[in-house]
Amino acid sequence: MKRTLTFIVAITIATSVWAQHVTTFVFVKITESIMPLQRGEKYEDPLDEALKKTGLGEVTGAGSMLTKEKTVEWVGLDVELTDPVTGIPFLRKKLTELGAPAGSVLEYERNGETLQVPVRD
């Protein structure tokens with residue numbers, strides 16, 4: 001009985017800890033031709049700082065889409081949000097403040113459906 005109770009308590013604690021760390025992945029497509037260092041200075045670093053400061057998540061990666069001519073067509077950021085209900089509007093506002101141009105979008109999944117939300121209205 002004691003061993004079963006210990007196992008149930010351990011599973012309950014593990015499940016509770018796991019549930020607290022579930023995040024929502026958001027791909028941010030920024031329709032700007034900008035080099036990697038400038039992308040970091042303009043978008044990645046300030047966005048990561050703002051997300052961490054508010055406890056809404058973090059930037060976990062970034063990249064660039066190149067044309068056939070090897071020039072940057074657009075850039076992308078990988079973001080993990082702890083709360084998408086608050087985090088999606090926050091991302092839109094912050095990216096607009098940072099100068100993300102029209103045509104930039106947030107892509108994420110909710111209830112198995114892929115959603116695409118413009119950064120700017």
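**A salt-bridge tour**

Start by selecting K52, which is partly exposed at 48% relative accessibility (partly exposed falls between buried, under 20% relative accessible area, and exposed, over 50%, with a 1.4 Å probe and protein chains only). This is a predicted model, where local features need pLDDT of at least 70, side-chain atom pairs count only at pLDDT 80 or more, and totals for chains, interfaces and linings use all residues. Residues are numbered from 1 along each chain as its sequence is written, and side-chain values use heavy atoms, with hydrogens and water left out.

D48 counts as buried, at 16% relative accessibility. Both residues sit in helix α2, 4 residues apart, about one turn of the helix (helices are DSSP runs of H or I, at least four residues, and strands runs of E, at least two, numbered from the N terminus).

Next, pick K42 and E32, whose side chains meet in a salt bridge at 3.0 Å, N to O. K42 lies in helix α2 (residues 36-54) and E32 in the loop between β1 (24-30) and α2, so the pair ties together parts 10 residues apart in sequence. K42 is partly exposed at 29%, while E32 is buried at 18%.

Last stop: select K94 and E97, a salt bridge at 3.7 Å, N to O. They are 3 residues apart in helix α3 (residues 84-97), about one helical turn. Across the whole structure, a search finds 6 salt bridges.

Methods. A salt bridge is a side-chain nitrogen of Lys or Arg within 4 Å of a carboxyl oxygen of Asp or Glu.
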